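Here are a few notes to go with the structure you asked about. Keep the 3D view open and find each residue as you read.

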Amino acid sequence: MGYSGRYHAASLAAVFIALAVGILIGIGLADDVVSSASEELESSLRSDLKAAEDRADELQVQVDRNDRFSAQIVPEVLGGRLAGRRIALVELGGTDEDLVTGARDAVEAADGELSAVAQIALPPDEAAMLADLPPRYAGVRRDPDALSRIGEAVGRELSGGGPVIDALEPDLFARFSGNLRDVDGLVIARIPPEDLDPDERGTTETFESAILDGVAASPADGVGAELTTTDPTTLGPFIDAGIPTVDHLDLPAGEVGLVYALNGFEGNYGTKEEASGYLPDFNRGAETP
């Protein structure tokens, strides 16, 4: 190999060596850059996490204070407002123990008595109810709207009891405890059953609507109730029937709204879209017949 060939080979080798050195230097610099960026990101994230934890601690302190305040103020606000009153809780369809607890806490905080807890079975067994109607209601069997007529009668008799409920109790209730005698206030919750076929859904809606119409026509104070976690809301049929509603019974404000509604305050109270206010307008007072 001549001089020029050796020179060319050496030059080419030098180029490759320089390239390799450049790559190694670049890798080293990149590692430094990545390492530095990673350290800065980690430091920033640690700072953000510490700030978030501090903020969470502050919010928990506020929540604890609010809980203590509510526990002290709610009995003072509600005390005596249901004294001597007998209230029934009626669940249409399913049951929710948290809602039962919320209703009981509110009624008892107002010195009332939750004298009955009932769960009306849905979809309704129309044939069984028609067969068990009292003799004086025999004509209903020939009525094409028999299910609605029965539902309206049940709604009216939920406050105080009556012959229709007495006769239909085995067909009507999935669960019943207590006594409807002298009940003058109703807390009603809709917990619609799932997986109904179209016919069952139709009869369920017809029966529910008729019950609510009966409640609205009765002398009792009725309130539709649900929890803030109920999604979607179940209160539309109550609003359509002109029955006051509370959608935040799991909050102290919901307990207040429930008790005031049981005292004749009209409105839809809570946190959801359908609510007209968070609490009743205390300055306006209860509606008069």
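Predicted model: local features only at pLDDT ≥ 70, side-chain atom pairs only at ≥ 80, totals over all residues.

1. Is S148 buried or exposed? Its relative accessibility is 16%, and since the cut-off for buried is under 20%, S148 counts as buried. You'll find S148 in helix α4.

2. What does S148 touch, if you skip its neighbours within four places in sequence? The answer is T206 and A210. Take T206: S148 and T206 are 58 residues apart along the chain, yet their C-alpha atoms are separated by 6.4 Å.

3. Now zoom out to the whole of α4, which covers residues 146-157. Buried residues make up 9 of its 12, so the helix is largely enclosed by the rest of the structure. S148 is on that list, along with A146, L147, I150, G151, A153, V154, G155 and E157. What do these buried residues pack against? Look for β2 (113-120), α3 (126-132), α5 and α6 (198-217).

4. Next, look at how α4 sits against α5 (residues 163-172). Two packed helices are described by the angle between their axes and the distance between the axes. For this pair, the angle is about 110° and the axes are 10 Å apart. That makes α4 roughly perpendicular to α5, since angles of 65 to 115 degrees get that label.

5. Which residues make the contact between these two helices? From α4 come I150, A153, V154 and E157, and they meet P163, V164, I165, L168 and L172 of α5. Sorted by type, this contact has 8 nonpolar residues, no polar ones and 1 charged.

6. Some backbone details deserve a look. Most residues other than glycine have a negative phi, and most peptide bonds are trans. Against that background, check the bond between L122 and P123: it is cis, with omega about 0°. P123 is in the loop between β2 and α3. Another cis peptide bond joins D231 and P232, again with omega about 0°, and P232 lies in the loop between β5 (221-225) and α7 (236-241).

7. Then there are two aspartates with a positive phi. D111 has phi near 65° and belongs to the loop between α2 (97-109) and β2. With a relative accessible area of 43%, D111 is partly exposed. D182 also has phi near 65°, and its place is the loop between β3 (173-178) and β4 (185-191). At 54% relative accessible area, D182 is exposed.

8. Finally, the whole chain. How many helices and strands does it have? There are 8 helices and 7 strands. Of its 289 residues, 38% count as buried. Among contacts with a separation of 6 or more, 67% involve residues 24 or more positions apart. The chain exposes about 15800 Å², and carbon and sulfur atoms supply 53% of that.

Technical notes:
Residues numbered from 1 in each chain as written. Heavy atoms only, no water. Axes fitted to C-alpha atoms, helices over the stretch in contact; angles between N-to-C directions. Helix = DSSP H or I, 4+ residues; strand = E, 2+ residues; numbered from the N terminus. Parallel < 35°, antiparallel > 145°, perpendicular 65-115°, else oblique. Contact = heavy atoms within 4.5 Å. Nonpolar A, V, L, I, M, F, W, Y, C, P; charged D, E, K, R; others polar. Buried < 20%, exposed > 50% of the residue type's maximum accessible area, 1.4 Å probe, protein only. Areas by Shrake-Rupley, 256 points an atom, 1.4 Å probe, with all protein chains shown as cover.
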